[in-house]
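Try each task before reading its solution.

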Amino acid sequence: MKFKHTLLTDIGNYRKANQDYLDFATNKAGDAFGIVCDGMGGHAHGEVASKIAVEKFMELFKATTFEGLNQKAINRWLRNCVSEVLNEMVDHSHEHLETLDMGTTLTAILFTQGAAFVINIGDSRTYKVVNNKLFQISQDQNLWNSTPEAERKDIQMSGMYERANEVTFWKVLTSALGPQKTLRIDTYYIESPAGIYILTTDGVHDYIDEDVTAATLVNPKMKLKEKAHMIVEDAKDNVSTDNLSILIIEAE
């Protein structure tokens, strides 16, 4: 496969530091790997957690040959990488006790063996453009999505959802990557990998119009860098209160 990509990160209008980290790479075998992490705001050293996660994953990708691996083996590789990242975080926190509470979200995509594999922890997201619409591949690991569907319907009918959402109650994470965090790993398989993908932190996807974003992504007159810049600026115009990061990948 052939890949085009661009990545952009922005501190945003309200934060004093940028705790996001992201990267993309290809190898000689034609595989590609992209990853976006959002260091947890309100937690000390979120920027350390996101950087460790991205750099360790990229190191492991560059050292791995995927030839001959089946779907099960590749999913196992992704999960083993998370264990390696966590071990590195724990080692770092033992040397720097102030980082013990650090944590990060993680969303990543691996293109190999004629397919794509997505791994997700937390509420950063991976999307694919399908029929000129944004299709969310990953599911946010938050309180709302961990609530049984029948209970969610009762909550919505009672009006509790809207009242609680004023303080983003339902967006509280139920999983994150860090030395003292509750961890759940979700993986997704994409049989037909060609297409346009975006990986975003919540500072982007919580503040964009998905139809406008999809139209931007499929616009043949714009360069990838222009598309990334426009999507991030749209989120900032919609009063994003967080750091903003986006990775756009065109796979063909």
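Predicted model: local features only at pLDDT ≥ 70, side-chain atom pairs only at ≥ 80, totals over all residues.

**Before you start**

Residues are numbered from 1 along each chain as its sequence is written, and side-chain values use heavy atoms, with hydrogens and water left out.

**Exercise 1. Work out the strand order of the open sheet with 5 strands.**

Helices (H or I, at least four residues) and strands (E, at least two) are DSSP runs, numbered from the N terminus. Two strands pair if DSSP finds at least two bridges between them.

- Step 1: the order is E1-E10-E9-E6-E7, with antiparallel pairing.
- Step 2: strand E1 (3-10) and strand E7 (133-136) are the edges, each pairing on one side only.
- Step 3: from one strand to the next, the twist averages 20 degrees.
- Step 4: look at E9 (residues 195-200) and E10 (residues 244-251), which are joined antiparallel by 6 bridges. Here leucine 199 stands opposite leucine 247 of E10.

**Exercise 2. Find what helix H1 (residues 46-62) is covered by, and check its length.**

- Step 1: The end C-alpha atoms are 25 Å apart, which agrees.
- Step 2: 12 of the 17 residues are buried, so H1 is largely enclosed by the rest of the structure (buried means under 20% relative accessible area, with a 1.4 Å probe and protein chains only).
- Step 3: among the buried residues are Val48, Ile52, Lys56 and Phe61.
- Step 4: their cover includes strand E2 (20-26), strand E3 (32-39), helix H2 (71-95) and strand E4 (104-112).

**Exercise 3. Describe the surroundings of asparagine 120.**

- Step 1: asparagine 120 sits in strand E5 (residues 115-121).
- Step 2: asparagine 120 is buried, at a relative accessible area of 0%.
- Step 3: its side chain makes a polar contact of 2.9 Å with that of threonine 107 (a pair of N or O atoms within 3.5 Å, one able to donate a hydrogen and the other to accept it; residues adjacent in sequence count only if both atoms are side-chain atoms).
- Step 4: leaving aside neighbours within four places in sequence, the contacts of asparagine 120 include Arg125, Arg184, Asp186 and Tyr188.

Methods. Axes fitted to C-alpha atoms, helices over the stretch in contact; angles between N-to-C directions. Buried < 20%, exposed > 50% of the residue type's maximum accessible area, 1.4 Å probe, protein only. Contact = heavy atoms within 4.5 Å. Expected span 1.5 Å × (residues − 1).
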